[in-house]
Amino acid sequence: MVEVTVTPQSSLADRAVQIRVRGLSPSQLVTLRAWLKDEQGECFQSRAFFRADEAGEVDPGLHAALGGSYSGVWPMGLFWFLQPDTLFRRLVKRDVAGSPFRVRLEVFDGLSMGTDPREQPLGSCEAERWYVGPGVQRVPIREGRVRGALFLPP
C-alpha cells in the first residue's frame, strides 16, 4: 500500500514541511501532484516526476525531481511552483485568519499529466497551510488614506 505523508500536517504557510511517499517499488517512476482550490474556486496545481529509491520511497527534500513543474532538489517545490489552471490568476489568500489553504498531495504511477479524470492516485493526503497562528488577533487599520491590518500575538 502506497502512503503519502506531510509532516506536520497543519502548519503556517511560511514553514517548511516534509513530504514522503512510502510503499513504492524500488526505482518506480511516479508523479507527485499538489493542488488546491482558492476561495474563488480556482484550481492551482504543480507536479514533479520522481524515481523511488531502493527502499521504495520518495522524499522531495532528498531526491531530485526529474521534471514537471520544476527539476532538482526542492523540498517545498510542490508548494512553491503551484500554477493556476486559468491563465493570469494569482494565488492570494484573502481570509487569512479564518481558514487555511488545504493542499491535496497525490502520487500517481508513471509520468502523469493529469489529463484523464478517471486516473486514480496510488495514495494521497492533505496539508493545511495557515497564514495566521493560533490566538493571533487581526485588527483592521483605517486612518485617512492608509489601509492595513495589525496582527497582535496572543
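Buried means under 20% relative accessible area, exposed over 50%, and partly exposed in between, with a 1.4 Å probe and protein chains only. F88 counts as exposed because its relative accessibility is 79%.

This is a predicted model, in which local features need pLDDT of at least 70 and side-chain atom pairs count only at pLDDT 80 or more, while totals for chains, interfaces and linings use all residues. Residues are numbered from 1 along each chain as its sequence is written, and side-chain values use heavy atoms, with hydrogens and water left out.

F88 is located in the loop between β7 (83-84) and β8 (101-109); strands here are DSSP runs (E, at least two residues), numbered from the N terminus. Another loop, between β3 and β4, holds S27.

| Residue | Backbone feature | Value |
|---|---|---|
| S27 | positive phi, not a glycine | about 65 degrees |
| F88 | positive phi, not a glycine | near 70 degrees |

S27 counts as partly exposed, because its relative accessibility is 42%. Q28 lies in the loop between β3 (18-22) and β4 (29-37). Q28 counts as buried because its relative accessibility is 16%. A polar atom of the Q28 side chain lies 2.9 Å from the backbone nitrogen of S25. Leaving aside residues up to four places away in sequence, Q28 touches F50, R51, A52, D109 and L122, where contact means heavy atoms within 4.5 Å.

The loop between β1 (3-7) and β2 (10-12) contains P8. The peptide bond from T7 to P8 is cis, and its omega is near -5 degrees.

Methods:
Helices (H or I, at least four residues) and strands (E, at least two) are DSSP runs, numbered from the N terminus. A polar contact is a pair of N or O atoms within 3.5 Å; within protein, one must be able to donate a hydrogen and the other to accept it, and residues adjacent in sequence count only if both atoms are side-chain atoms.
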